[in-house]
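Student: Could you take me through this structure, term by term? I want each label set against its definition.

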Amino acid sequence: MSDNQHGLQGPTPEERPHPEGRRNSQGIRIDPAAESEHEPRRTVLSALVEHEPGVLSRVAGLAARRQFNIESLTVGPTTVEGHARITMVVEEPDPGIDQIEKQLAKLKPVISVGELDDDAIRAEVVLLKVRGEEPDKVHAITEMYDGKTLDAGPETITVQLTGDEHKIDDAVDAFRRFGIIEIARTGQTALAHGAKTTVPGEEPGTSGEPTKPNPNQ
């Protein structure tokens with residue numbers, strides 16, 4: 001029997017070279033050297049959108065399909081009737097952040113989207129329900145963090161706190177001593193610092209002009 005009948009000659013599976021690196025969700029192999037050049041970083045994206053039914057679910061669906069690491073997602077009205085602002089906190093390497101912006105810009109309800117600078121004004125709201133055995137101490141901690149007591153009874157006390165993420169985290173840690181029963185956090189919302197626009201092309205609410213889609217997206 002000839003060699004051809006036994007198959008082609010070649011290295012055994014153990015001798016063959018094996019490419020390194022993991023594959024992404026689309027099955028494409030990622031070069032570990034290229035991946036290591038871009039460490040994940042945390043940032044805030046703001047998008048102006050047409051305030052229509054289902055817009056938030058479309059944005060959330062995009063993030064889920066593309067497997068973007070979205071830490072929080074908030075939406076609310078703006079000064080322009082029919083428009084809403086979506087604020088997203090993401091943690092991705094720079095290429096991933098760039099991809100999120102490009103994919104968001106392709107969604108029909110999105111008017112304009114951009115990444116906020118590090119000096120952006122950021123805040124969130126948290127509601128905390130704690131055990132009510134030590135009301136005086138709970139009140140002292142609430143005042144320390146400029147909070148507000150919304151409900152107080154013999155068994156539970158519910159407070160509201162507002163501030164940047166670090167302040168909220170510190171406050172939550174301080175309230176743990178009383179026993180946190182329930183907690184609800186809104187996630188961050190943000191605006192650009194000073195006179196800077198929060199998203200590219202955004203018009204001031206007093207100008208009477210609508211924001212136009214960003215031509216660079």
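Tutor: Start with the elements: helices (H or I, at least four residues) and strands (E, at least two) are DSSP runs, numbered from the N terminus. The model is predicted, so local features need pLDDT of at least 70 and side-chain atom pairs pLDDT 80 or more, while totals for chains, interfaces and linings use all residues. Residues are numbered from 1 along each chain as its sequence is written, and side-chain values use heavy atoms, without hydrogens or water.

Student: Which residue just after helix 2 takes a positive phi?

Tutor: Gln67, with a phi of about 60 degrees.

Student: How many helices and strands does the protein have?

Tutor: Five helices and nine strands. From the N terminus they run α-β-α-β-β-α-β-β-α-β-β-α-β-β.

Student: What makes a residue of helix 2 buried or exposed?

Tutor: Buried means under 20% relative accessible area, exposed over 50%, and partly exposed in between (1.4 Å probe, protein chains only). Val55, Val59, Leu62 and Ala63 of helix 2 count as buried. Ser57, Ala64 and Arg65 are exposed, on the face turned away from the buried side.

Student: Why do the buried residues of helix 2 line one face?

Tutor: The arc is taken from the directions from the helix axis to the C-beta atoms. Here the buried residues fall within 95 degrees, so they line one face of helix 2. An α-helix has 3.6 residues a turn, so residues three or four places apart point the same way.

Student: What covers those buried residues of helix 2?

Tutor: The cover includes strand 1, strand 2, strand 3 and helix 3 (94-106).

Student: Why are strand 2 and strand 4 at the edges of the sheet?

Tutor: Two strands pair if DSSP finds at least two bridges between them. Four strands form an open sheet in the order 2-3-1-4, with antiparallel pairing. Strand 2 (70-77) and strand 4 (110-115) each have a single partner strand, so one side of each is left without a neighbour in the sheet.

Student: What makes strand 2 and strand 3 a pair?

Tutor: Seven bridges join strand 2 to strand 3 (residues 83-92), against the two required.

How values were computed
Contact means heavy atoms within 4.5 Å.
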